[in-house]
Each structure stands twice: as C-alpha cells, then as structure tokens.
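Visitor: Could you walk me through how to read a structure like this one? I would like the general idea and then the case at hand.

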Amino acid sequence: MALCVPACSPVARFCQKLNRLKTLEDDVMATSLKRCLSTLDLALLGVGGMVGSGLYVLTGTVAKDTAGPAVVLSFLIAGVASLLAALCYAEFGARVPKTGSAYMFTYVSVGEIWAFLIGWNVILEYMIGGAAVARAWSGYLDSIFNHRIQNFTESHVMRWDVPFLAHYPDLLAAGILLVASMFISFGVRVSSWLNHIFSGVSMVVITFILVFGFMLADTGNWSAREGGFAPYGLSGVMAGTATCFYAFVGFDVIAASSEEARDPQKAIPIATAISLGLAATAYILVSTVLTLMVPWHTLDPNSALSDAFFRRGYSWAGLIVAVGSICAMNTVLLSNLFSLPRIVYAMAEDGLFFSIFSRVNPVTKVPVIAILVFGSLMALLALIFDLEALVQFLSIGTLLAYTFVAASIIVLRFQPEKSSSASGGGGTKTDASSMASPSQPGSQGDPCMTRSETQTLAQEAGELKEYESFSDKLQLVEKQKAVRERRAPGMLKARWEPYLGRLLGDCEPGDVVAFSVLALMVSAVSLCAVLVFGNSYLHLPTWSFILLLVVFSLAFFISLILIWVHEQQTKTKTFQVPLVPFVPGASILLNVFLMLKLSALTWLRFTIWLAAGLLVYFGYGIWHSKEGLREVQGNDVSARYVVLPSGSLVETVQNVQPEGHVHTHAAHTPDTNDPPANR
C-alpha cells in the first residue's frame, strides 16, 4: 500500500488541478467594468434576448406542424420549464455578481475544467446564434425587396455550390454584425440604449398585433370542424413544448451582465422574473391571436403573422409586422454580441483563455478587443456558412449550461462554509457561500488587556464583545448551545440522526451531497436514455423497459432525498431558489431529456468542438490559470510560531527552499516597549 502512494500522488495532484474552484476576493463588487445597468436595463436585455424572430416564425411553425392551436399550452409549459433554469441563474447572478454567467457559476462550485468546457460551448453557442440571426435578418429584409439583394450578389459578386456553405456570400448579414459590434464597443450605456429603442419598437408592434388580432379573432377556428383545439393530442403538445423551450433561451444575458449591474443582489432576480414573464406572455398571447385569426392548418410557417393579416384583407399590417420582426431580431443580435465578449473576458481574466481578451478599454470600460475579434468571427460565419444545418447545435450548448448551473446550485447550497483566510498570494479570499452578505468590520482587541480587566470575550458577527457579569456569560453559553444544535451546512440534519446517523453520520460535511449530485446526474441520464431510446433504438421488451424505468427513477429520487436530509446554508441575504434540491433536480432531468432528443450528428459536432476545447485548455489554460498561480505562490511561503524566552508568541514568515539550500531568516523580536502577544 505504501508503494502505491508515490505513484498515485501525481495523479491525485493532477485531478486536484482539474477540479480546483475559483476563490473570489472579499469585495465581490469590485470590477474594472462599469456598474451602470438598472433593473429596467437588465429586464429589457432579457426580453430582447428571448423575444426575437421566434415570435414571428416559431409560432406559425409549431402551430401548423406540431401542436395546432394547442401551441398555447406548449408555450405555457415551456415557460414553466424555463423558469426552473431561470431561478438557478437568478440565485447565482445575485450571489456571484461577476460576468461569465454559467462559466463563472460552474467555476465557483464544481471545478475548473468543467467551467472551461461550459464557457467554451457557450462561446460557440453565441457565435452560431448571432450568425444565424444575422442571416435570418438579411433574408427577411431581402424578402421585402423581392430577393433583389440575393440576385444582385449572385450575379455580380459570386456564387458557389459547396456543401455546408451558403450559395452566395451574405454581405448584408456580415455587415450588420460588424456595425453592431462597433456600437457595442462604444460602451455598455450605448448598447443598453440601442436595446431600449429596438425593444420599445418591438413591444409596440406586439401590442398592435394583439389588439388588432383579437378584433379579427374567430373562435370557430378552434372548433371541431377545423380539427379542434389539440388536433395532435397530448403528444403533439409535448413535442411542441420541446421546440418552444428554445424560444426562451436568452435570459442568461441578465446573469452575464451582473458585473455591470448597479445592485445585482436585487436587480438580477427581479429582472429575470420580469423578462421571463413578459416573454412568456408575449408568446402565449401572440400564438392565441394567430390561431384565432386564421385556421391553423392554413398558416404559412415562414411568415405566419404577416400572411394572416394579408389573408384577412389588411396587407398594410404586414409592413408593421415586418418592422417589428426586424427590430426583434436586432435585439437578439445585440444580446449575443453583448454576452459573448463578456464570457471570453471572464475566461481570459481567470487565465484560462488568451490574456489579450481580458483588456478593458479605460474610456468605454468594456473589453473592446474581445468584442471586435469575436464580432468579426461571427460576421465571417454569417458571410460564408449555410447555418441551417448548424442551428440545432445551439441547443446542446445551452442545455448543457443549464444542467451544470442547476447542479452547481445544489453543490453550493450544501457546501460547508469556509472561513476567509489570507492566502499566500497576498489577497484575502472568500468562498461563494458567504460572499453575498455584506462584510462587517472586525475590531482588534487591545493587546494590553489583562485578565483582571475582562472576564469573557466572544466573537459574533465579526465583532469582539465583552461580557462582564455572570448573567452575560450564561446568555453566551445558551446561545452557543443553540448554535451547536443547528448543524453546519453539508451535515446530516439532527432529526434524521436516529434513522441515518449510523449510515451517514461519520461522513465529512458535503461528501454525501457531492456523491448524491453525481448519482443524480448519472440516474437522470440513464432514465432519459431509457425513455428516449428504449422503444425506438434499443427495442427493449415491455417488462425490461418498465423495470429500468422503475430502477432509475428510484435512484433519481433517492439521490434527491439523500441531498435533502442534509443542512443547507441559510446565511445569504440574496435571492434563493425555492425547494432545493427538487427544483434544480427537475431542471436537470428536463435538460438531459431534451439533449438526448437531439440528433446524432449534433452530438458528433459537439464532441469535435469539445475535443478542440480540451486542446486549448491543456495547451494554455491549465498553465496560465490564476488559481494555479495562487497555489504556487501560497506554497512559497510558510508561517512558524516561535515562543521566545520572554514567553511571548511571535509569527515568522520564511520562503520555502528546496533541501540542500542555505536559508536564513530573521524573526521579529519584540521591543521592550511592545506589549506581550496574546497566547
């Protein structure tokens, strides 16, 4: 056994490197960015990220091909499902007011390599998403002018027939991305005001659609003669829900902007709730109006709203709808271009990505280099690639990020609290569990205080308090007894001690929760795999299908119960997700199910992109990680306590030297006028 230790220790150290957590400075509000966004600014950013071209295209597509008029229920269920993930983002955004969104949340609670992979996938998600929206914007504008832009480009510029590439270079899409990147680089206030303008116009157009649409509504379009309200049944409603879920992707821009919010502890949860509520209301009401204006089976999937007004004899309303669609797509473009550089900035600031992207312009207070470089890459994608085959790739990165954020909420909530300590790197650091609470100044005790001058010292809330009477002492003892009865986070709750104490009582705080989260993820993947592939690809017999469902369902719920019977953190004064771990657990199960519904080609592309990310991490990130540098600096210094002949205790600091090197150090010898140190 002793021979195994030296061989295993390098592997253990390597695994520790991969899973090291980010430690944040005590002042989490300190930033090189500009904190100027209000709750309204954040809410409109979220609305702009969610209410885009999907409102004008997705509603008609799902209504005609998947759910019929029951698309209303699909959007309602999808909104509730999105709320599960949004609550997790809101808690993290309030507790960790740093840019980086899912990347940062994973880094402070799960580990470095997982955070890098999440950030790496979110980068690709934003790049493809922005390029796809730019091409949709270009195509929509081109259709208004009867495809004259496309015809001119193909005849006077170039045309090619290459797989996965567009038939012609989309100069308009690339141009709008470059112009938008330029405006984003002017600063967060300019970006916010542009988003205000486009969001305002979009909401006015949506209001027009609702008011005028309800005036033209005909309830007969939901009657049995037109196929009824739910012609595809419950399966159609649920299939529509899976598609409609992606309409709400975009609220994470709020959490990504938390480092630029004035009061993130309050603004992030409120803005998330407002934006998700407005987006869900818009999708539900617009789909209701659309299916009441014309029969659902006659909808044009490409331009359902404008075509519906045209068929009711109001072709002029189609122009208003077109203006609203262009403005809505502009807000999604701004959302992507706003979030992407901040993810890159956060990764570069932590040393996991190239440091040049962490530079912040001293005037505009934004990462200009990251904005311009990745805006140009996004424009290049929109210029030459046919992104229709890659659009589905967007879903897997988003769902993976949602899954890890939900798991991070569970880990963070049950994480044992760590006291702040000075690191060898020189900075005082704190863990994510306690950083949201305002720091209270500690007072130093008088070194000249003698035993006769005070009887008891107690430290509470960072302050030293004096107890001079027996009654004060008694109250202190009672308070300490009550505190002991309330166990530390990650420990088994006292009321479950008689039942589970013999099995779990000897485990370290947090260990059972960490193992249960891993079991939760494995059982969720297994359960969803049986549901998705059991009858189609695996062709399981009925008895084995039911048996596997029961086994993996029990494993999933037992994991949740094992987490629930442990103590949670209660100190934080910021927003908290209710019913932890059940709400994050439901979010994990839903996200995994939707990921397994994606095509095999999507998973192949995802694997290739992950492999490229691992090359970047092991080639650059792991060697330049600031957490790794802190560890090295911390190992270079050691502290010793020395008892001098006078009886006083002093601390000496010396550099750690390799064996065989001569090392000299000087201890601080107290002056005769110095007070004796407390022992």
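Visitor: What should I know about the model and its numbering?

Guide: This is a predicted model, in which local features need pLDDT of at least 70, side-chain atom pairs count only at pLDDT 80 or more, and totals for chains, interfaces and linings use all residues. Residues are numbered from 1 along each chain as its sequence is written, and side-chain values use heavy atoms, with hydrogens and water left out.

Visitor: How many helices and strands does the chain have?

Guide: Helices (H or I, at least four residues) and strands (E, at least two) are DSSP runs, numbered from the N terminus. The chain has 23 helices and seven strands. Of its 679 residues, 49% are buried; buried means under 20% relative accessible area, exposed over 50%, and partly exposed in between, with a 1.4 Å probe and protein chains only. Contact means heavy atoms within 4.5 Å. Among contacts between residues at least 6 apart in sequence, 78% join residues at least 24 apart.

Visitor: How do I read a pair of packed helices?

Guide: Two packed helices are described by the angle between their axes and the distance between the axes. Axes are lines fitted to C-alpha atoms, for helices over the stretch in contact, and angles run from 0 to 180 degrees between N-to-C directions. Take helix H8 (residues 171-184) and helix H15 (residues 368-384): their angle is about 170°, and their axes are 8 Å apart. H8 and H15 are therefore roughly antiparallel. The cut-offs are under 35 degrees for roughly parallel, over 145 for roughly antiparallel and 65 to 115 for roughly perpendicular, with the rest oblique.

Visitor: Is the crossing of H8 and H15 left-handed or right-handed?

Guide: Right-handed, for H8 and H15. A crossing is left-handed if the near helix is turned anticlockwise from the far one by less than a right angle, and right-handed if clockwise. In the contact, residues of H8 including Leu 171, Leu 177 and Ile 184 meet residues of H15, among them Ile 371, Met 378 and Leu 383. The residues of this H8 and H15 contact comprise twelve nonpolar, three polar and no charged. Here Ala, Val, Leu, Ile, Met, Phe, Trp, Tyr, Cys and Pro count as nonpolar, Asp, Glu, Lys and Arg as charged, and the others, Gly among them, as polar.

Visitor: What about the pair H9 and H14?

Guide: Helix H9 (residues 188-215) and H14 pack at about 150°, with axes 8 Å apart, and the crossing of H9 and H14 is left-handed. The contact of H9 with H14 has 17 nonpolar residues, seven polar and one charged.

Visitor: How do I read a nonpolar core?

Guide: In soluble globular proteins, nonpolar side chains tend to be buried together. A nonpolar core is a set of buried Ala, Val, Leu, Ile, Met, Phe, Trp, Tyr and Cys residues joined through side-chain atoms within 4.5 Å. The largest one here has 145 residues, and those with the most contacts inside it are Tyr 56, Tyr 89, Phe 248 and Phe 353. Helix H14 (residues 316-349) gives the largest share of this core, 16 residues. Beyond its neighbours within four places in sequence, Phe 353 is in contact with Trp 120, Val 344, Met 347, Ala 348, Phe 374, Val 616 and Tyr 620. A second, separate core of 13 residues includes Cys 36, Ala 43, Leu 45 and Ile 254.

Visitor: Why is H13 described as largely enclosed?

Guide: Helix H13 (residues 304-311) has six of its eight residues buried, so it is largely enclosed by the rest of the structure. The buried residues of H13 pack against helix H3 (53-67), H9, helix H12 (264-293) and H14. Just after H13, Gly 313 takes a positive phi of about 95°.

Visitor: Which backbone angles deserve a look?

Guide: Ser 101, which is not a glycine, has a positive phi near 50°; Ser 101 sits in the loop between helix H4 (71-95) and helix H5 (102-107) and is buried, at 2% relative accessible area. His 539 also has a positive phi, about 55°, but His 539 is exposed, with a relative accessible area of 59%. The peptide bond from Val 580 to Pro 581 is cis, with omega near 15°, and Pro 581 lies in the loop between helix H20 (542-564) and helix H21 (582-596).
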